[in-house]
Amino acid sequence: MNTNLTDTTSSQINAALVRTRRAAGFPAVGMVLTLVIVTDEGNHYDALRAASDASKEHPSRILVVIRRPGRSPRARARAQLDAEVRMGGETGTGETVLLRLHGELAAHAYSVVLPLLLPDAPVVVWWPEDAPVNPAEDLLGTLAQRRITDAAASEDPVAALETRAKSYAPGDTDLAWTRVTPWRSVLAAALDQKHGPISEAVVEGEAYNPSTELLALWLAARLGVPVDRVVSEGPGITAVRLGTPEGQICLDRPDERLAELAVPGQPDRHVALHRRTTAELIAEELRRLDPDETYQEALCFGLDRLGPAASAPGTGSQTGSGDTQTGAGTPTGTGSRTGSGDTQSESGAGGQERVESRAELSAESSGKSGAAGSGRAKSAGAAGRGRKEAGS
């Protein structure tokens, strides 16, 4: 059921929500949070579709903020709010309101959104593209317990991660980090098994992929060992290799669906590691609304402590902004970092939640002696315009 409102107000939209809910046979509000999507006219369809799919797991009131400031002086001078209220059908038990802010009103989205928030319910703000430099200080961001960005959607994903690290505040997260959750789950499970100290690590991934950077930062921060990053043909992250005295622990995903896990002294086995949709990523982020300390540690570990990347054999040079990178990156220094010896575990449905394993911490402790000195982590190339990643 759709209701269109032209040149309206927030109070009229609230009244329309009540009327539509009663007409659809939903007298009670059964939603658990408010999801605010800040986007533009060209990208709102894909973002709304992903949010609607995620709301089947987390019934939500979805507010889509579409700014239309106008190009001409007359268009910029006017202030008008158009809304479309959707309920039932594809929206399930949730509610969706498309808010088109015209003219001067485009700069005052906070005042429009505030009266439409569900009372006494968490608020999540998601910027599918063009996120603010500091989401926590953005007016809409101040309303939220959770602020979701996507570095892969920016022109320079690696530079976007550096910006996120400088402006990080509790409650910030990025879909580039969400994409590595399955990789971290499998690696943590592999490290839970008996093995010698981890001496080095290699992460292979597609160029300009921020998830590759975050996975390398997570390994470097948690294990305290040098991490090499190698540019491969993709898609997304393709392999992780951990060096031990007994041999190499290898998680290799040559395609987008199935990975092979090799652990010394054990038979190789296959692991489902498909590239997830945006709806699946948003659904994961809505499962927990508390600050993600593991993401903070990995993000703020320091991209400047990771050096340039080498190209995998046969991939050739990497090009960005007219410059050619030969991919024969010289290892540069990477500081070591160790964590506490406490055991910490975070689990979720299907093993897809964020994972902190006992083995990570034990490997971290045993690898302290090899953590000092220069690391050999290599970067996916911050120079050049990034390419948008659908997943990792």
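Predicted model: local features only at pLDDT ≥ 70, side-chain atom pairs only at ≥ 80, totals over all residues.
Residues are numbered from 1 along each chain as its sequence is written, and side-chain values use heavy atoms, with hydrogens and water left out.

Trainee: How many helices and strands does the chain hold?
Mentor: Helices (H or I, at least four residues) and strands (E, at least two) are taken as DSSP runs, numbered from the N terminus. On that basis the secondary structure comes to eleven helices and 19 strands.

Trainee: How far apart are the end C-alpha atoms of helix α8?
Mentor: The expected span of a helix is 1.5 Å times one less than its number of residues. Helix α8 covers residues 210-223, and its 14 residues should therefore span 20 Å, which agrees with the distance in the model between its end C-alpha atoms, 20 Å.

Trainee: Which residue caps the N-terminal end of α8?
Mentor: The helix itself is mostly covered, with 14 of its 14 residues buried, and just after it G224 takes a positive phi of about 65°. At the N-terminal end, a side-chain oxygen lies 3.0 Å from the backbone nitrogen of S211, and the capping residue that supplies this oxygen is N209.

Trainee: Why does the pair of Y168 and Y295 count as edge-to-face?
Mentor: Rings of Phe, Tyr and Trp (its six-membered ring) pair if their centres lie within 6.5 Å, and planes under 30 degrees apart count as stacked, over 60 as edge-to-face and the rest as tilted. The structure holds two aromatic pairs. In the pair of Y168 and Y295 the ring centres are 6.0 Å apart, and the pair is edge-to-face because the planes stand at 65°.

Trainee: Which residues form one aromatic cluster?
Mentor: The rings of W177 and Y295 have centres 5.7 Å apart and planes at 50°, so this pair is tilted. W177 lies in helix α6 (residues 175-178) and Y295 in helix α10, so the pair ties together parts that are 118 residues apart in sequence. Both W177 and Y295 are buried. The cluster is made up of Y168, W177 and Y295.

Methods
Buried < 20%, exposed > 50% of the residue type's maximum accessible area, 1.4 Å probe, protein only. Polar contact = N/O pair within 3.5 Å; in protein donor to acceptor, adjacent residues only side chain to side chain.
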